[in-house]
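Subject: Structure for you to look at

Hello,

Here is the structure I promised to hand over, with my notes below it. Please open it alongside the text and follow the residues as you read.

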Amino acid sequence: MDKKFKRIFLVVMDSVGIGESPDAKDYNDKGADTLGHIAEAVNGLNMPNMRALGLGNIREIKGIQPVEKPLAFYTKMQELSVGKDTMTGHWEMMGLYIDTPFQTFPNGFPEEMIRKVEEKTGRKVIGNKPASGTEIIEELGKEHMENGSLIVYTSADSVFQIAAHEEIIPLEELYEICKFCRQLLNDPKYMVGRVIARPFVGKPGAFERTPNRHDYALKPFGRTVMNELKDEGYDVIAIGKISDIFSGEGVTQSFHTVSNMDGMDQLLKSMDIDFTGLSFLNLVDFDAKYGHRRNPQGYAKALEEYDARLPEVLEKLTEQDLLMITADHGNDPVHHGTDHTREYVPLLVYHKGIQEGKCLPMRESFADIGKTIAENFEIKSPQYGKSFLEEIKR
């Protein structure tokens with residue numbers, strides 16, 4: 001390697017899978033294909049910038065054909081860990097292997113656990129079922145406002161969510177309740193990935209969720225590349241829900257975001273900072289707004305809007321920067337149910353020293369990203385993964 005990179009920008013397009021994994025059938029995800037099915041649903045995706053980087057060279061997608069001279073190195077990655085959760089995918093990228101999946105609660109949470117919440121808070125729990133966040137506040141918001149109860153719900157993910165009107169339960173109280181629930185759900189018999197505060201405002205028939213959401217995640221089960229970076233004096237800038245996913249572990253600076261476009265704005269702001277280390281962005285709208293809600297048209301529009309912002313990112317990159325674009329799992333919007341899908345994810349790796357992008361070997365673990373980052377900054381390397389730093393040398 002002629003010269004190491006000073007800054008690495010890692011962009012996770014949350015849930016943008018690129019076709020079923022070999023073990024998809026074990027997850028009831030046979031035939032899942034997030035990008036492929038979205039492209040078919042809208043008769044072709046218009047993503048010229050991702051196409052130029054080599055997205056269509058990984059696998060042809062309707063509207064995104066291969067290019068003769070891709071700008072980036074390209075391949076796909078297979079998840080090694082058990083599961084298809086956001087936390088599992090991100091933790092593996094940073095060098096961890098998760099052998100026990102986070103639990104989901106399709107029939108609601110156990111009565112004993114709900115009783116403890118009611119006893120601690122003095123508030124009744126209503127809901128306690130899988131539901132869309134917007135739908136459950138329409139269903140139970142009026143009752144909640146009348147008696148101050150807690151609207152508890154879950155989803156296809158490993159989450160315990162509490163919705164509360166900001167005028168009925170002040171934010172600080174809601175956050176304290178969620179902190180208590182986080183401690184309760186740290187019990188291995190529950191193994192819940194995230195507790196989420198979901199505040200809203202408005203009146204019955206016109207409720208609206210606010211940007212004051214807060215996630216309380218399990219701490220990673222071991223040290224990650226982010227911990228090693230921080231401890232060695234490097235910067236780790238977490239953008240979007242990255243800090244929540246890692247429960248603040250290994251983070252030196254965090255930027256909250258309210259949308260994909262805000263996420264891109266915050267990424268560009270981080271590019272104006274003279275730092276040495278990692279800037280790590282999650283773009284959550286693909287997953288939360290369109291994948292889980294099974295909306296391929298909305299998903300396609302969000303992908304094209306994201307693609308239109310890429311030139312701003314590429315223009316800000318310096319000769320000392322490395323850009324990696326990937327995903328954490330799939331969420332096929334035409335698949336059955338509302339769950340994530342077990343899929344390969346794309347990987348595009350770009351820097352200004354590339355003469356012509358080439359195909360990298362298929363990565364057998366998301367941890368290859370963490371291994372590459374560790375080698376670049378000469379920090380303690382994670383146990384899992386295989387670095388591709390030498391393969392992308394300038």
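**A strand on the inside**

Strand β13 (residues 345–350) has six of its six residues buried, so it is largely enclosed by the rest of the structure. Before going on, please keep in mind that this is a predicted model, in which local features need pLDDT of at least 70, side-chain atom pairs count only at pLDDT 80 or more, and totals for chains, interfaces and linings use all residues. Residues are numbered from 1 along each chain as its sequence is written, and side-chain values use heavy atoms, with hydrogens and water left out.

A word on terms: buried stands for under 20% relative accessible area, exposed for over 50%, and partly exposed for what lies in between (1.4 Å probe, protein chains only). Helices (H or I, at least four residues) and strands (E, at least two) are DSSP runs, numbered from the N terminus.

In a regular strand the side chains alternate between the two faces of the sheet. Both faces of β13 are covered: one side carries Val345, Leu347 and Val349, the other Pro346, Leu348 and Tyr350, and all are buried. As for its neighbours, two strands pair if DSSP finds at least two bridges between them. β13 pairs with strand β2 (residues 73–77) in the antiparallel sense over five bridges, and here proline 346 is the bridge partner of lysine 76. Strand β12 (residues 321–326) also runs antiparallel to β13, joined to it by three bridges; valine 349 of β13 is the bridge partner of methionine 324.

**A helix on the inside**

Helix α13 (residues 367–377) has ten of its eleven residues buried, so this helix too is largely enclosed by the rest of the structure. The buried ones are Ala367, Asp368, Ile369, Gly370, Lys371, Thr372, Ile373, Ala374, Asn376 and Phe377. Glutamate 378 follows α13 and has a positive phi, near 55°.

**Pockets**

For the pockets, a 1 Å grid was laid over the protein atoms alone: a pocket is an open set of points with protein on both sides within 12 Å along at least five of seven lines, and lining residues have an atom within 4 Å of a point. Grid points are joined across faces, edges and corners, and a volume is the space filled by probe spheres set on the points.

The largest pocket holds about 1,000 Å³ of space. Its lining counts 41 residues, with Arg198, Arg209, Arg213, Ala288 and Arg293 nearest the centre. Among the elements that give two or more residues to this lining are α6 (133–147), β6 (194–203) and α11 (285–291). By type, the lining has twelve nonpolar, 16 polar and 13 charged residues (Ala, Val, Leu, Ile, Met, Phe, Trp, Tyr, Cys and Pro count as nonpolar, Asp, Glu, Lys and Arg as charged, and the others, Gly among them, as polar). Domain 1 (7–100 + 221–391) and domain 2 (111–217) each give at least three residues to the lining of the largest pocket; the domain bounds come from an automatic or database domain assignment.

The second largest pocket has about 190 Å³ of space. It is lined by 13 residues, and Lys84, Asp85, Phe102, Thr104 and Ala156 lie nearest its centre. Its lining, too, draws at least three residues from each of domain 1 and domain 2.

**Annotated sites**

UniProt positions are in the numbering used here, with feature names shortened, and annotations may be inferred rather than shown by experiment. An unreviewed UniProt entry places the feature "binding site" at Asp14, Asp328 and His329. These are spread over 316 residues of sequence but cluster in space, with a largest C-alpha distance of 7.2 Å. Aspartate 14 sits in the loop between β1 (7–13) and α1 (34–41) and is buried, at a relative accessible area of 0%.

The unreviewed entry also places "binding site" at Asp287, His292 and His340. They span 54 residues in sequence, yet no two of their C-alpha atoms are more than 8.4 Å apart, so they gather at one spot. Of this set, Asp287 and His292 belong to the lining of the largest pocket. Aspartate 287 lies in helix α11 and is buried, with a relative accessible area of 3%.

**Two backbone angles**

Most residues other than glycine have a negative phi. Asparagine 28, in the loop between β1 and α1, has a positive phi of about 65° and counts as exposed at 54% relative accessibility. Arginine 294, in the loop between α11 and α12 (296–316), has a positive phi near 50° but is buried, with a relative accessible area of 18%.

Best wishes

Key:
1 Å grid on protein atoms, 1.4 Å probe; cavity = no way out; pocket = protein on both sides within 12 Å on 5 of 7 lines; lining within 4 Å.
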